[in-house]
Amino acid sequence: MFQMSKLYHNFHHTKNSVFSFVFLLPLFLLLLLACNGFSVFYINLSVPAKTSPEPANLLPEILPGDKPVKKLSSSSVMYAVKEENPSLNLKTHLSLLQNPNISMVLKPKKQPHRFSPQTLKALQLRTTKTAKGFTFSTKLRAFFQNSNCKLRFFMTWISSLHSLSHRELLVIESVFKSNPKACLVIVSTSLDSPKGNAVLKPFLNMGFNLITVSPDFGSIFKHTYAETWFNRLKTGNINPGEVSLGQNLSNLLRLVLLYKYGGVYIDTDVIVLKSFNNLSNVIGAQSMKIETKTWSRLNNAVLIFDKHHPLLYKFIQEFALTFDGNKWGHNGPYLVSRVVGRVTNGPEFNFTVLPPPAFYPVDWSRIRSLFRGPNNRIQSDWLRRKLEQIRRQSYTVHLWNRQSKDVRVEEGSIVHHIISDCCIFCNISTSSL
């Protein structure tokens with residue numbers, strides 16, 4: 001009897017335990033599910049650390065033959081990327097807890113670029129006429145026919161008349177000092193004015209062949225790849241980018257002018273040292289590869305080409321098809337480097353790449369050394385040897401205004417001697433340069 005009572009008691013206890021377990025099991029499962037769900041949502045909804053988007057490529061491009069550019073230090077705001085990967089991989093971290101009132105458009109419809117009123121006015125397709133009704137092209141043809149030029153020089157001035165300094169006037173003097181029978185065309189709106197003509201009148205009084213003409217882009221670019229590009233720019237279908245539009249128009253303008261008329265183009269910070277009569281279809285290297293003694297980068301500050309030269313055609317085509325207004329130099333020095341790096345210099349093209357001493361005897365990174373006078377005998381000997389080398393080997397000296405415009409010309413410096421060699425009026429104070 002006692003054993004039966006004990007069994008009954010055990011059975012009752014077990015039944016209560018089973019019922020308790022069955023009753024608590026759903027609560028346990030719900031609790032387990034809630035914990036698991038909390039951990040999952042916690043991981044996905046955590047706010048990531050604030051990151052900065054990858055910045056734009058503001059460094060010079062990597063061209064054929066250049067050494068790869070290493071990534072800058074983490075403290076810098078710029079990174080170097082290869083030119084063949086121009087598009088940026090911008091990583092945007094989107095929070096799952098975004099505001100529901102903010103709509104997200106993954107592929108927005110491309111809208112035409114809107115220009116400022118000043119830029120739009122400058123891009124208007126207008127016909128520049130003189131008092132006699134001449135257009136840009138007829139004015140140039142008449143100038144060349146009446147001047148009996150032995151060589152045609154072209155320059156562009158996209159800034160205001162107020163920005164024209166003694167340095168640019170010295171460049172004009174140097175052109176005529178070395179090439180007195182040449183014609184010089186300055187394509188500029190500000191200089192093609194009564195005040196601009198007054199500034200340049202001393203050259204005309206000396207009998208030099210000089211003319212200023214306002215640019216009529218629509219007329220100049222007509223029947224070239226530049227025409228299509230310019231029309232797309234005016235209608236807002238090309239983003240001009242962050243680089244000065246005037247600078248890029250100048251890059252294109254020089255190519256089309258030489259293609260249509262032939263001759264020499266020089267920048268307004270390039271001093272001419274010698275006659276160009278013996279140069280034809282020439283472009284200059286800015287830097288060379290020491291190991292192979294071949295060019296690593298070209299520049300477009302000095303260009304000498306015949307009319308309708310096929311390489312100029314390729315340059316204009318490259319500009320129109322690969323324009324990028326956000327990368328400095330992409331449509332200028334790097335453009336000519338890209339094209340020349342691709343073409344084969346055979347009978348079809350027939351051009352010469354001159355080494356750096358011809359047009360760029362001093363690189364932009366060391367240009368300030370030409371403005372400094374000697375402080376001791378060692379510096380004096382170096383300046384003398386360098387000056388002799390430039391006089392012997394160079395046709396021009398590029399002053400690289402971006403790096404030297406605020407540098408004072410010191411007495412006895414190389415630039416001081418070059419001014420004495422190249423001036424015509426020679427009434428310019430070196431301090432004003």
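This is a predicted model: local features need pLDDT of at least 70, side-chain atom pairs count only at pLDDT 80 or more; totals for chains, interfaces and linings use all residues.

Leu 311, Lys 314, Phe 315, Glu 318, Phe 319 and Thr 322 form the α9 side of a helix contact. On the α10 side they meet Leu 335, Val 336, Arg 338, Val 339, Val 340 and Arg 342. By class, this contact has seven nonpolar, one polar and four charged residues.

Now the geometry. Helix α9 spans residues 310–322, and helix α10 spans residues 333–342. Their axes come within 10 Å and cross at roughly 120 degrees. An angle of 65 to 115 degrees would count as roughly perpendicular, and one over 145 as roughly antiparallel. The two helices, α9 and α10, are therefore oblique to each other. The crossing of α9 past α10 is right-handed.

Is His 398 buried or exposed? Its relative accessible area is 4%; buried means under 20%, so His 398 is buried.

Which residues does His 398 contact, leaving aside neighbours within four places in sequence? They are Asp 267, Asp 269, Val 270, Ala 301, Phe 359, Tyr 360 and Ile 367. Val 270 is 128 residues away from His 398 in sequence.

| Pair | Atoms | Distance |
|---|---|---|
| His 398 and Val 270 | C-alpha to C-alpha | 4.5 Å |
| His 398 and Trp 400 | polar side-chain atom of His 398 to backbone nitrogen of Trp 400 | 2.9 Å |

How values were computed
Residues are numbered from 1 along each chain as its sequence is written. Side-chain values use heavy atoms; hydrogens and water are left out. Buried means under 20% relative accessible area, exposed over 50%, partly exposed in between (1.4 Å probe, protein chains only). Contact means heavy atoms within 4.5 Å. A polar contact is a pair of N or O atoms within 3.5 Å; within protein, one must be able to donate a hydrogen and the other to accept it, and residues adjacent in sequence count only if both atoms are side-chain atoms. Axes are lines fitted to C-alpha atoms, for helices over the stretch in contact, and angles run from 0 to 180 degrees between N-to-C directions. Helices (H or I, at least four residues) and strands (E, at least two) are DSSP runs, numbered from the N terminus. Angles under 35 degrees count as roughly parallel, over 145 as roughly antiparallel, 65 to 115 as roughly perpendicular and the rest as oblique. A crossing is left-handed if the near helix is turned anticlockwise from the far one by less than a right angle, and right-handed if clockwise. Ala, Val, Leu, Ile, Met, Phe, Trp, Tyr, Cys and Pro count as nonpolar, Asp, Glu, Lys and Arg as charged, and the others, Gly among them, as polar.
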